[in-house]
Protein chains: 2
Amino acid sequence: MRYGHPWVCRRMMAEGMRITQTRMVVLDILARNPKRHLSAEEVFLMAHEINPSIGFATVYRTLDLLTRMGIIQKLEFGDGRARYELTEASKKVPHHHHLVCTECGKVIDYTDFTDEEKELLTKVERELSEKYNFKIKNHIIQFCGICNHCNERR
Amino acid sequence: MRYGHPWVCRRMMAEGMRITQTRMVVLDILARNPKRHLSAEEVFLMAHEINPSIGFATVYRTLDLLTRMGIIQKLEFGDGRARYELTEASKKVPHHHHLVCTECGKVIDYTDFTDEEKELLTKVERELSEKYNFKIKNHIIQFCGICNHCNERR
DNA sequence: ACGATAATGATAATTATTCTCAATAAAGAG
DNA sequence: CTCTTTATTGAGAATAATTATCATTATCGT
Ligand SMILES: [Mn+2]
Ligand SMILES: [Mn+2]
Ligand SMILES: [Zn+2]
Ligand SMILES: [Zn+2]
């Protein structure tokens, strides 16, 4: 069968993994929804519409696999369910961080200031990596607070 | 009764909250273990040793309360349980960020580079705050990767 | 097409966290 | 100190996200 995402497929094959229908469907859902922060359940529901035989457990397994491969990133915004989005490495999504409202859970992606941030981050990563002998794969940066909507309701 | 943490007590009273045994015990446990990243269960077990009548639900409630007050911070390192530590605002713990090993779950606190980081962070926070009309309370910065121990085991 | 086996789907099991509600204890008034 | 009000608590049940199990299936090199 023919699938998209040749870069991911190549990596999977190189590591002896099988390229399955479910894996491609899950990856495709994430690639087609770069702006959202999908939970496992949301991915499952969308996958289920494409192919009703896809199971919930496999969605979890696939999300975990893609996370370990560094293709997607698992994020926890404090509402008790993990969320997933493509990483910068996928080339489908720009490098960005998050603003999280602790009142309503709203999440804002921001790409501003990332040049300066990026520079410092690269430096910090390099030095931490050296000092602690730690192989850094990625990072999570979130600013937590109250969004404008929640602010006005006071 | 006489308790420590006068700063926290003052804030609680000012907001009409009651200063209870359980709250003080939980706060004390966190203040006495600044280096660890205690889970709710760990706090409960320690609280239970001090006063066996303290219940699990109240530990959760107190951790949530202290988090909302900005005295402690809730952290998720990806192992499925939240962890808590004092914030900088408590003056008992220095401003720091985290290195998280995605293999074994080890967490390293690092205080290096925080001067530069801090400066940029302050600037970013100010600008984001303005642009998105977002009242920023704190931030979470984590570098994820593989620790030296896990690296050597390959 | 075939065989070895990695991957899957259904479902049960686990586990962190939240909810419920009667009982308790903190704080202010007298 | 005693009394009253009511925020807070403890026990246990309930919820909900994630993980484990296991028989079945689909992938892929041959
Ligand atoms: Mn995002
Ligand atoms: Mn820490
Ligand atoms: Zn909000
Ligand atoms: Zn490790």
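Which residues in helix H3 (residues 40-50) of chain A are buried? They are Ala40(A), Val43(A), Phe44(A) and Ala47(A), where buried means under 20% relative accessible area, exposed means over 50%, and partly exposed is in between (1.4 Å probe, protein chains only). Seen down the axis of H3(A), these buried residues fall within an arc of 100 degrees, so they line one face of the helix; the arc is that of the directions from the helix axis to the C-beta atoms. Here's the general idea: an α-helix has 3.6 residues a turn, so residues three or four places apart point the same way. The buried residues of H3(A) pack against H2, strand S1 (38-39), H4 and S3 of chain A, with contact meaning heavy atoms within 4.5 Å. Helices (H or I, at least four residues) and strands (E, at least two) are DSSP runs, numbered from the N terminus.

A quick word on ground rules. This is a predicted model, in which local features need pLDDT of at least 70 and side-chain atom pairs count only at pLDDT 80 or more, while totals for chains, interfaces and linings use all residues. Residues are numbered from 1 along each chain as its sequence is written, chains are lettered from A and ligands numbered from 1 in the order in which they are written, and side-chain values use heavy atoms, with hydrogens and water left out.

Now for the metal. The manganese ion (ligand 1) has His37(A) (NE2), Glu85(A) (OE), His96(A) (NE2), His98(A) (NE2) and Asp109(A) (OD) as its protein donors, 2.1 to 2.7 Å away. Donors are N, O and S atoms within 2.8 Å of the metal (3.2 Å for Na, K and Ca), and water is not among the atoms, so sites may look incomplete. Along the sequence, the donor residues follow the spacing H-x47-E-x10-H-x1-H-x10-D. One pair links distant parts of the chain: His96(A) is in the loop between strand S3 (82-86) and strand S4 (97-101) of chain A, and Asp109(A) is in strand S5 (residues 107-110) of chain A, 13 residues apart. His96(A) is buried at 10% relative accessible area, whereas Asp109(A) is partly exposed at 26%.

On to the DNA. A residue is near a strand if one of its heavy atoms lies within 4 Å of it. Of the 19 residues around DNA strand C, Thr58(A), Arg61(A), Ile19(B), Tyr60(B) and Arg81(B) come nearest. For DNA strand D there are 20 residues around it, and Tyr60(A), Arg81(A), Thr20(B), Thr58(B) and Arg61(B) come nearest. Sugar and phosphate make up 67% of the atoms of DNA strand D within 4 Å of the protein.

| Residue | DNA strand | Distance |
|---|---|---|
| Thr20(A) | C | 2.8 Å |
| Thr58(A) | C | 2.7 Å |
| Tyr60(B) | C | 2.6 Å |
| Tyr60(A) | D | 2.5 Å |

A base gets involved too: a base oxygen of DNA strand D is 3.2 Å from an N or O atom in the side chain of Arg18(B).

Last stop, Thr67(A), which sits in helix H4 of chain A. Thr67(A) is partly exposed, with a relative accessible area of 24%. Not counting residues up to four places away in sequence, Thr67(A) touches Ile72(A), Lys74(A) and Tyr84(A). A polar atom of the Thr67(A) side chain also lies 2.7 Å from the backbone oxygen of Leu63(A).

Technical notes
Polar contact = N/O pair within 3.5 Å; in protein donor to acceptor, adjacent residues only side chain to side chain.
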